[in-house]
Amino acid sequence: MAFLKFDEIFDLTSTFTTHVSQSCIVNQSGVTGSVKLSAFEPGTLRQVDYDPASSFDHDSIIDWNLQYDAVHQNISGSIRDSLSSNFLTETDYLIDLAHQLPEFARDNKSFCVTRFVPDWEVTSALDTSGGSHNVVIDSSGSARKNYIRKNLYEQYRGIYRQCNWAYTNYHTLNFFTSSVTNNDSVIIYPSPTSSVDSSARYRPDGPFTFEFWINPRYTSDSETAEFNAGTILHYSSAYAVSLLTGSSRDVNGLPDKYRLLLQLSSSADTNPSQIAVNSLPELTYVSADNSLTKNNWHHVAVRWGGEEFNNYTGSFVVDGDVSSEFIIPSSSVTFQSPAISYQGYDDGTKSDADALFIGNYYEGNNTGADAIRRFFNTNVGTNEGLEVIETEYGVDPTSFSFSNKLNAEIHELRFYKTFRDLKTIEAERYNGLGGNSLEVTSSQKLSLYVPPFFTKESPNRLSLSAKINEFETTARTTEAPFNVTASFGPAGLDINVENFVRDFANEIYPRLYRLTGSVSEIISPPNTPANAKQLLLGSSTSNTRNFAILPNDNGLFVPQYELLKSGTISITPTTSSNHSRYVNDDGTLDFSVISLNRMLNGRRGAWELSELSDNNLYEPEHVFKSFTGPVLTKDGVDGTAYLNELETNPVWNTVFSGSNSPYLSINDPFIRDNEPALYMFQLYGDESSNEVVMFNIPQIMYGNRVEPKTLVLSETALTGTGGKVNITLKDDGYGSLYRADAATALAKNASVGNIFYDHGIVVVKTPHLPYFGSGSFSTSFKGSQNTHVREIMALAPKNLVNSSSNPSYLKLIPSDSANEISDEFVYVTTVTLHDENLNVIGRANLSQPLKKRPTDEFMFKLKLDY
Amino acid sequence: MATFKEIKSSDITKKTSFLNQLVDVIQDDVSGSATRKKYEVFVTGGVGPGVTSSMFQTVFDQDFSLQTANAIFDMTVGIRSGSALVATASTGEDAAGKLLFPSQSIMMREKIDNYSQMAQILLGERTESFYAPWKSTDATNEIDNALFINFRRLFSRDQIKRETFAMRFYETGTLDGSPDDAALFPGVKQAYTGSNLNITSVSGAAVYTDVGSAANRLQSFAGDVGNIVDSANTSRNVGLMFYDLGIAVLDMEKVIMTDQHMSGIIGAMSSVTDADAAAGETVMGSASGNANATFFPDFVVSASIDDIVDHIASTRFSSGSITAMTFQNVTQINSSLIFCKANPNEFNYSSNPTFTDSDGQVVVVNPGSEEKPFSFVTTVGLYDANNRLLAVAKLSRPVEKNDTRDLTVRVRLDF
């Protein structure tokens, strides 16, 4: 053995990072891609010993040992006493007994990505007299949400993009048909005919240009199924623009390319499904075959300029290029000159077509009791807070149908009562209209502009209240992207579509036909306990409404938010400001986001005596005061006992009541000022949005951190869409999630959630992906694991390390070879590393002894990974 | 971190304990090809395309291609150099003393080397023979043809526990309907005609176990050893179990019915292709390839190690989800228990800067009152004589320490 002083220059440390790809699929049939805690196959090792303090199976282990010992002692005793030598039966039994010993729990433990939400959970509980109740309890997801919101978001704010409890105000209008949605839903903008000059908002009486971005996401269900023509815009007897399939088919025989159909004047009253593209009737035109591609964002302009522009030539312009042209040798395609009032193409038999239909095709005769104006009757004015056109009647038209629902996502709908040239279209198709540009384009006869943007303003209307099952409604305006009463009460989701469909050109709101979610319909009570979200899945209207607005992934377009400015602009709006919803977590104005804090605008809790007046838009400053009462329950009983329970019991159960749907309406013990019950808020004083979905990636799957830009989170066949909507989310490498479904450029700045790479936490904040991951979800990502490598070069120089301190050591000739020149040698078997006190701190054994002569010099490279 | 206190030798106690786990090897793991890995490192030359084989095979607890698979044991066969079988089969030695064998035999020298290697490890001398029972000198107890089962340390740990080993093994292979079998076993009819090399045994199960070894604790060069016996007749010794190394040595001539007719295709030094076998193969037990072949000596001599282990693993342990073999392992745990004692007047302060205010006064809960300081103990650090941190123990939750209570934290170090 020899000691050699080690030189630090031979001590090298380096680090490399490994990126292990992980994927995990969770669905009803189980989990694929989980990571096991233990490397052992369950059952190969079984626990004979147990720790009474920690083992769950010690009773069965005790029983097993008793059985084993009894048989074993019987065998041993018989052998000892020479009673028998045949123990085949006993040993056979002992072998089989091995299989009955408990497996190690750790060998069965595996990890995978888990989803959690801050919803109520429904469970059963016994009251003091032994009666059983279905009760709802707050899930741990709420506490976990607030831990993430108040810690991780704060920690990474300014480091990650959009690291606020807010999401980007960039959406699409989503139309699709399915078995669980209303296929006759439509968005109807009022367009009363002027009594002065018989003009109308959305009816061109001369040149026109329709512009919009469209993504045909959906195709037919099977090779033989028909893809119904879907109407984008329809103004009865004036125009209809519809989406048709092209001739192209994918490998499965399903349509994968599309074209557009334009019907004008009289032909606009023919159902687009009945039009044969190879034999077009008069005033009907189509774009080039396969001009639109499935799952691609396309900018479309449909225009006609009358006599003044290329001698009555019109065209379909797709992505800035003319797709096809048509000629209409007429001065007007909708207005029948010399009529003095517009009454449809046949001048006299029909009523004024006082509405623009978006997303479906109106089919009806538009006369008398079936007049279109009756969609804006007096009751609609009262219940939906909309403009009244039919002032004498309070009912809808009696005979009509909407059977051509669009199957596509659209946004940036514009309608100009003028002809726009290609240069202008190309220049303006990539950006939204904001501030000055809106004014400029308005002067160009902009007559419709639906981005769609979230606006704090919405019609004062009947809106779904706390009793989801009874479709109880209250009259109010809504100022949030979703119905906060339904959300913070029985935890139901009801997207406020009204807050997204403002026509900025006319500053009006449409009627959401079969989309309001406030119309009572029969929902079959579930057989098992269910919360309000699960119950609402049984409502086709609710499903249609909740998926009508989706996050926008069109990266070819940049929205402009100046339109949202209203009144006095303050960089730090107050709670009462029109801009209070457009703030980040610092309370700073940012029109591109929709804040998810203070959703109740300072609602007081049951423990508070007055409304909150602070202007902190991030977190309310609740004052927890001693209760002085009395607070009465809905039944007029003193609620002090409930309140005490609320204050002392962190898991406070609330009994649901109701005879046929016991899990839906809440028997509210804390009615104050006739306010609906807001249990989630009452429990925690937490006003932040609960319409979020969170995912936890276990650290065992990613190591040090999730590698940025590698996360893909998706769900095919979103719950509530009848299997039609697929959603994929990706991370942008800077902590923000964006929607990534389109095959064209993606809108990476449109944040729908966040990922915290170092913690494996994923948060989908947007409420527009309801139930995301509840049916199934798949994730894939790369982990990032640092491995540190220390390389130590131990030098055994010439003329050193030539002898052994082993007492049996003899100087021998290394070999019998004739050319051997050395007369001594040692075998090197081990290299040890010592500290300055000669304590062994490292040891390396050679795989085989190494013969070292005095003239030899060896360098041993020791490598340590950690 | 607050205060140092010297640990005295009286504060340290040492303890040794033993942990047992049961290992449960199911039949499918042994018989299945996905869980049994081969290492084809051997190849013949000269005649035909050559025969490839492993020197041993490894049985895993799951598909061995999976990252999480664990090797349970290795299995191979060996033949004693001085056995009558070798003397009969060998055609002599070359000038260097290498044994020579005819081309009809396969891997004879490798089988001999396997035996010698195991003898070197377990008996201390490569020329020694295994005897069952241990220390017998009776030639009838000498193991000439051995089946070695080497349990991996991951499962055998520090030792296999005495009297816990048991193995369900099928002495009889599937009868292949040959006239020989009919003559040998007239009472057995299995209605099967054809190759029996890889047909799972359905009858003749024996249980080989080490019962009785606790009462008679034998020692060897390789540590503790015990006899493996036939549980149907414990006076019939069939092998040895070396507990410390986790190796079982079984006498193939006792655990397997040696004169049973064997038939089927095995690898061979052959360049001929015919209707039944390709080049590099031969049909054992057929008219063209020793019609009267039996397990011993024909199969043991003529088959490669892979062919022999394949046959034993895939047929003699049967196939199913029940236990093929089981034992309990022993893990020795040495523990140091260090009692870290804090007297009432010790460890009541913290050096955390927030423990005192800007004036150096201890921060109290109620300002103005004269509360006595207290601390929350969260961590115990163990230092050497030069105040270098050696180990850290974390409490599951902070424990309050004040001048009215003493506190003893028991730090346990297992290794």
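S82(A) lies in the loop between helix 1 (58-80) and helix 2 (88-98) of chain A, where helices (H or I, at least four residues) and strands (E, at least two) are DSSP runs numbered from the N terminus. Although S82(A) is not a glycine, its phi is positive, at about 55°. The structure is a predicted model, in which local features need pLDDT of at least 70 and side-chain atom pairs count only at pLDDT 80 or more, whereas totals for chains, interfaces and linings use all residues. Residues are numbered from 1 along each chain as its sequence is written, chains are lettered from A and ligands numbered from 1 in the order in which they are written, and side-chain values use heavy atoms, with hydrogens and water left out.

In chain A, P451(A) and P452(A) are joined by a cis peptide bond with an omega of about -5°, and P452(A) is placed in the loop between strand 26 (446-450) and strand 27 (461-464) of that chain. In chain B, a cis peptide bond with an omega of about 10° joins F296(B) and P297(B), and P297(B) belongs to helix 7 (residues 295-302) of chain B.

The interface brings 37 residues of chain B into contact with 30 residues of chain A, contact being defined as heavy atoms within 4.5 Å. Between them the two chains bury about 2,700 Å², 53% of it on carbon and sulfur atoms; buried area is the accessible area (1.4 Å probe) that two parts lose on being put together, summed over both. Of the area that chain B buries against chain A, 20% is supplied by L22(B), D24(B) and R168(B), more than by any other three residues.

Across this interface the rule finds four salt bridges, a salt bridge being a side-chain nitrogen of Lys or Arg within 4 Å of a carboxyl oxygen of Asp or Glu. R168(B) forms a salt bridge with D96(A), with the closest N and O atoms 2.9 Å apart. The side of chain B that touches chain A draws at least two residues from each of strand 1 (12-26), helix 4 (153-156), strand 11 (166-170), strand 12 (205-209), strand 15 (233-242) and strand 19 (323-342) of chain B. Its largest share, eight residues, comes from strand 1 of chain B. By class, this side has 14 nonpolar, 17 polar and six charged residues, with Ala, Val, Leu, Ile, Met, Phe, Trp, Tyr, Cys and Pro counted as nonpolar, Asp, Glu, Lys and Arg as charged, and the others, Gly among them, as polar.

Strand 1 of chain B also pairs with strand 5 (residues 45-47) of chain A, in the antiparallel sense and over three bridges, pairing requiring that DSSP find at least two bridges between two strands. In this arrangement R46(A) stands opposite L22(B) of strand 1 of chain B. Within chain B, strand 2 (residues 36-43) and strand 3 (residues 52-60) run antiparallel and are joined by six bridges, with V43(B) having T52(B) in strand 3 as its bridge partner. Strand 3 of chain B in turn pairs with strand 4 (residues 71-79) of chain B, in the antiparallel sense over four bridges, and T58(B) stands opposite D74(B) in strand 4.

Over all chains, the salt-bridge count comes to 51. One of these joins the side chains of R373(A) and E390(A) (4.0 Å, N to O).
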